[in-house]
Amino acid sequence: MPLNIVNKGDGFPRIILTEPTGSSAEVLLYGGQVVSWKNERREELLFMSSRATWKPPKAIRGGIPVCFPQFGNLGSLEQHGFAKNRLWSVDSNPSPLAPTNNQTSVDLILKSTEEDLKTWPRSFELRLRVSLNAGKLTLIPRVRNTDSKAFSFTFALINYLYVSDISEVRVEGLETLDYLDNLMRRERFTEQADAITFDEEVNRVYLGTPTKIAMIDHERKRTFVLRKDGMRDAVVWNPWDKKAKTIPDLGDEDYKTMLCVDSAAIETPIFLKPSEEWKGRQELSTVSSSYCSGQLDPRMVLHGLY
């Protein structure tokens with residue numbers, strides 16, 4: 001199937017993925033970033049900042065940015081590494097991955113450049129497959145060490161989810177886990193609540209997380225389900241009102257309709273010997289639900305009964 005590459009006039013070429021039920025996704029070559037995912041009713045499922053900067057070399061706040069080879073400020077590189085503001089290419093010779101029925105997909109690749117080697121002197125190939133199915137968006141990142149020496153890196157897919165009202169959202173599946181609180185100098189705590197709810201700024205790295213996490217949006221009667229492999233950690237973030245006002249590329253009120261729950265490998269960096277490859281996977285899906293009305297118990301989602 002030929003790729004549908006379009007330019008909306010903002011200077012950012014993008015690949016449009018569609019599938020038979022009517023859902024769609026848009027993937028930028030800039031950053032290898034998914035910037036839109038709509039369901040069959042054309043409802044947007046990903047958050048995009050009202051003040052997002054659409055001008056290189058700035059990163060674009062929203063969608064699903066790729067953090068590589070560094071998460072956050074845990075290293076000498078710029079925040080979240082450089083993959084998010086580099087121009088990727090369509091991978092003309094992707095390694096074979098098991099196909100899925102009725103999916104449409106694109107394979108992108110980012111290779112180390114002379115400029116990148118000055119700040120991170122390690123030769124690599126970063127590949128990303130983005131696949132769209134009915135009700136499901138799958139991202140498969142892979143990193144290959146093409147250097148003569150071993151290296152390690154941290155990695156994350158930041159999932160900016162579009163919610164109706166952050167104060168009415170619950171995140172389930174992370175209870176009883178240890179987390180690093182980025183608001184408390186990365187001090188380690190254990191989650192005591194039976195679900196994560198939001199009435200203030202939250203910025204935590206949950207450790208050794210399960211393969212499935214549920215985000216329940218009561219008002220929209222929708223549950224996001226995140227399934228992931230190869231990325232043991234999960235970041236939960238919402239800046240709340242005061243912090244939102246300090247972020248230049250985020251609208252003052254944007255925090256109300258955004259939730260970040262990221263697939264990540266942070267606590268234990270990924271180590272690759274020469275020619276070795278790491279592969280991760282995340283799958284985002286939605287189910288219609290209303291926890292309050294009892295139509296769906298998110299615990300049943302988490303345990304695979306939906």
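User: In this predicted model, how many of the residues of strand E16 (residues 212–217) are buried?
Analyst: Buried means under 20% relative accessible area. Strand E16 is mostly covered by that cut-off. The count of buried residues is 6 of its 6.

User: Which residues of E16 are buried on one side, and which on the other?
Analyst: In a regular strand the side chains alternate between the two faces of the sheet. Both faces of E16 are covered. One side holds Lys212, Ala214 and Ile216, and the other holds Ile213, Met215 and Asp217.

User: What is the bridge partner of Val171 in E16?
Analyst: Start with the strands. E12 (residues 169–172) pairs with E16 in the antiparallel sense, over 4 bridges. Within E16, Val171 has as its bridge partner Met215.

User: What is the bridge partner of Ala214 in E17?
Analyst: E16 also pairs with strand E17 (residues 222–229). That pairing is antiparallel and runs over 6 bridges. In E17, the partner of Ala214 is Val225.

User: Which residue takes a positive phi in the hairpin of E16 and E17?
Analyst: Look between the two strands. The hairpin has 4 residues there. A positive phi near 50° is taken by Lys221.

User: Which strands give two or more residues to the lining of the largest pocket?
Analyst: The largest pocket holds about 870 Å³ of space. The elements that give two or more residues to its lining are strands E18 (233–238) and E19 (258–272).

User: How many residues of the lining of the largest pocket are charged?
Analyst: The lining has 31 residues, with Arg61, Gln79, His80, Tyr160 and Trp237 nearest the pocket's centre. Of the lining, 13 are nonpolar and 10 polar. The charged residues number 8.

Definitions and conventions
Residues numbered from 1 in each chain as written. Predicted model: local features only at pLDDT ≥ 70, side-chain atom pairs only at ≥ 80, totals over all residues. Heavy atoms only, no water. Buried < 20%, exposed > 50% of the residue type's maximum accessible area, 1.4 Å probe, protein only. Pairing = 2+ DSSP bridges. 1 Å grid on protein atoms, 1.4 Å probe; cavity = no way out; pocket = protein on both sides within 12 Å on 5 of 7 lines; lining within 4 Å. Points joined across faces, edges and corners; volume = space filled by probe spheres on them. Nonpolar A, V, L, I, M, F, W, Y, C, P; charged D, E, K, R; others polar.
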